[in-house]
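Have the model open as you read.

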Amino acid sequence: MNIAIIGSGPSAFYAIQCFLRENIDTNIDIYEKLPAPFGLVRYGVAPDHQKTKNIIRLFSRYLYEDKVQYFGNVEVGKDISIDLLSSFYDVLVVACGATEDRKLNIEGENYDNVYGSAEFVGWYNGNPIHSKLSPNFNYKNAIIVGNGNVALDCARILSKTKSELYQSDIMDYTLEGLSKSSIENIYIVGRRTPKEAKFTISELREMGELKDFQPTVDYDLDLLDSILSEGDIDTKIKKNIELLIDFKKASIVKKNKIIFKFLSNPLKIISENKSKSLNFTKNKIVNNKILKSDVIETIQADLIISAIGYKVFPIKGLELDPTKSFFLNNNGHIKNNIYTNGWASGASVGVIGTNKIGASIMTKKIMNEISSNKDNSRERSIEFLKNNSIKYINKEGWKIIDKIELDKALDNFTRKKLVDLEEIFGYLKN
Ligand code: NAP
């Protein structure tokens with residue numbers, strides 16, 4: 001069976017794992033828009049979470065299997081159409097994740113130094129699409145909107161000292177930018193209560209382990225206690241609330257703070273006299289329901305990051321769901337011989353391992369529904385790419401780049417990611 005996979009992150013590699021386990025005669029070709037593989041693991045997982053990034057070792061094993069080939073720097077929908085690719089292969093799997101920011105859709109969102117987390121995380125992780133971002137940290141206050149783990153990732157990277165980032169693969173330009181940071185207050189703002197926050201406990205704990213920043217909570221202690229006294233409270237929520245109470249009760253000993261705020265709905269960003277502020281409509285709890293109030297709160301901050309979830313980058317030829325967040329599909333089937341899994345197929349929630357289950361269900365479905373009858377898929381695709389002068393990186397090329405990145409790592413860091421296409425192709429000429 002000849003299989004093409006769009007994307008090279010967790011949902012793509014768990015699909016490859018499943019296909020390889022089927023023990024069928026197969027060729028699997030990966031089409032990736034960016035030059036380097038591994039998607040979310042390379043460009044989304046925080047650079048100081050190297051244990052999580054270790055999954056790349058497993059994914060590399062699959063990448064270097066004889067049956068698998070890699071076409072990096074090939075954008076499906078632009079360099080090669082969905083229709084053509086699906087005509088070459090028996091099966092086409094859309095597993096390209098959700099790489100675009102969901103928008104706040106408020107006034108002022110387009111001002112300078114206001115970013116979505118996909119851009120900001122992409123910048124500190126060396127995603128070539130976002131490597132030119134140049135955020136300015138020469139201000140006292142920053143706001144991060146959202147109460148998920150990505151908000152915590154952004155806050156941690158903003159607050160860590162250089163030595164706290166040792167053994168990470170953070171970009172050198174990010175270290176340089178952060179070395180000039182004057183940020184003293186990072187507000188992490190949620191629109192609901194601490195009970196609805198989506199932080200997980202180990203990530204929340206890391207906020208209390210920072211050298212120069214101290215977490216504190218701007219929320220009534222009685223209200224936090226009252227969440228704990230609810231009878232049927234989920235253990236994960238309980239742990240978060242207990243830790244937030246500890247943060248709140250601790251006496252302030254550090255100058256720099258991470259301030260958790262809740263019940264604040266972003267309203268508009270105002271830019272006046274070279275200074276920015278974010279206006280929030282305060283929410284209130286009435287009979288256990290969260291309702292809007294008439295109260296407006298303003299927080300002055302010149303760096304604003306919204307970490308409110310992701311949506312897919314549209315691909316010409318594939319329909320989006322009504323919320324425009326993922327590709328329209330019926331239990332993983334898009335149309336004809338095209339299937340999807342991971343964040344491309346539904347909400348952008350869950351951890352890397354969550355993709356295993358979806359990949360397994362999708363592979364079984366494909367095995368039941370598709371029979372193999374196409375030949376020379378890889379050869380036909382290579383011929384098309386060559387005839388259309390589309391430069392791609394195969395897995396042998398990636399092996400060279402991977403080694404160069406490891407060799408170029410600065411002292412105390414694990415890797416120096418290459419972001420410049422000319423430089424990358426320059427190394428592959430010989
Ligand atoms: P998330 O966990 O879904 O959190 C998104 C946050 O944005 C929620 O607090 C949500 O609030 C808020 N939000 C959405 N729309 C909003 C709006 N218009 N205004 C204000 N707030 C808004 O998403 P994420 O942080 O991007 O993470 C994505 C997935 O990756 C999650 O499953 C996460 O756990 C995972 N992840 C894991 C790790 C890790 O394990 N270390 C690290 C990073 C990410 P509501 O709840 O009110 O909608």
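## Ground rules

A cavity here is a set of points, on a 1 Å grid over the protein atoms alone, where a 1.4 Å probe fits but cannot get out, and its lining residues have an atom within 4 Å of a point. Grid points are joined across faces, edges and corners, and a volume is the space filled by probe spheres set on the points.

This is a predicted model, in which local features need pLDDT of at least 70, side-chain atom pairs count only at pLDDT 80 or more, and totals for chains, interfaces and linings use all residues. Residues are numbered from 1 along each chain as its sequence is written, and side-chain values use heavy atoms, with hydrogens and water left out.

## Cavities

How many cavities of 30 Å³ or more are there? The count is two. The largest holds about 60 Å³ of space, and its lining is made up of D169, I170, M171, D172, L175, L410, F413, R415, K416 and K417. By class that lining has five nonpolar, no polar and five charged residues (nonpolar means Ala, Val, Leu, Ile, Met, Phe, Trp, Tyr, Cys and Pro; charged means Asp, Glu, Lys and Arg; the others, Gly among them, are polar).

The second largest cavity comes in at about 40 Å³. Its lining includes P35, A36, R42, Y43, W398 and E405, and splits into nine nonpolar, no polar and two charged residues. Helix α14 gives the largest share of this lining, three residues (helices are DSSP runs of H or I, at least four residues, and strands are runs of E, at least two, numbered from the N terminus).

## Around the ligand

Which polar contacts (pairs of N or O atoms within 3.5 Å) does the ligand make? An N or O atom in the R191 side chain is 2.8 Å from a ligand oxygen. Taken alone the ligand exposes 920 Å², and the protein buries 83% of that (accessible areas use the Shrake-Rupley method with a 1.4 Å probe).

## Salt bridges

Side chains of opposite charge can pair when their charged atoms come close. There are 20 salt bridges in the structure (a side-chain nitrogen of Lys or Arg within 4 Å of a carboxyl oxygen of Asp or Glu).

One of them joins D29 and R378, with the closest N and O atoms 2.6 Å apart. This pair links distant parts of the chain, 349 residues apart: D29 sits in strand β2 (residues 27–32) and R378 in helix α13 (residues 377–387).

Terms used. On a 1 Å grid over the protein atoms alone, a cavity is a set of points where a 1.4 Å probe fits but cannot get out, and a pocket is an open set with protein on both sides within 12 Å along at least five of seven lines; lining residues have an atom within 4 Å of a point. A polar contact is a pair of N or O atoms within 3.5 Å; within protein, one must be able to donate a hydrogen and the other to accept it, and residues adjacent in sequence count only if both atoms are side-chain atoms.
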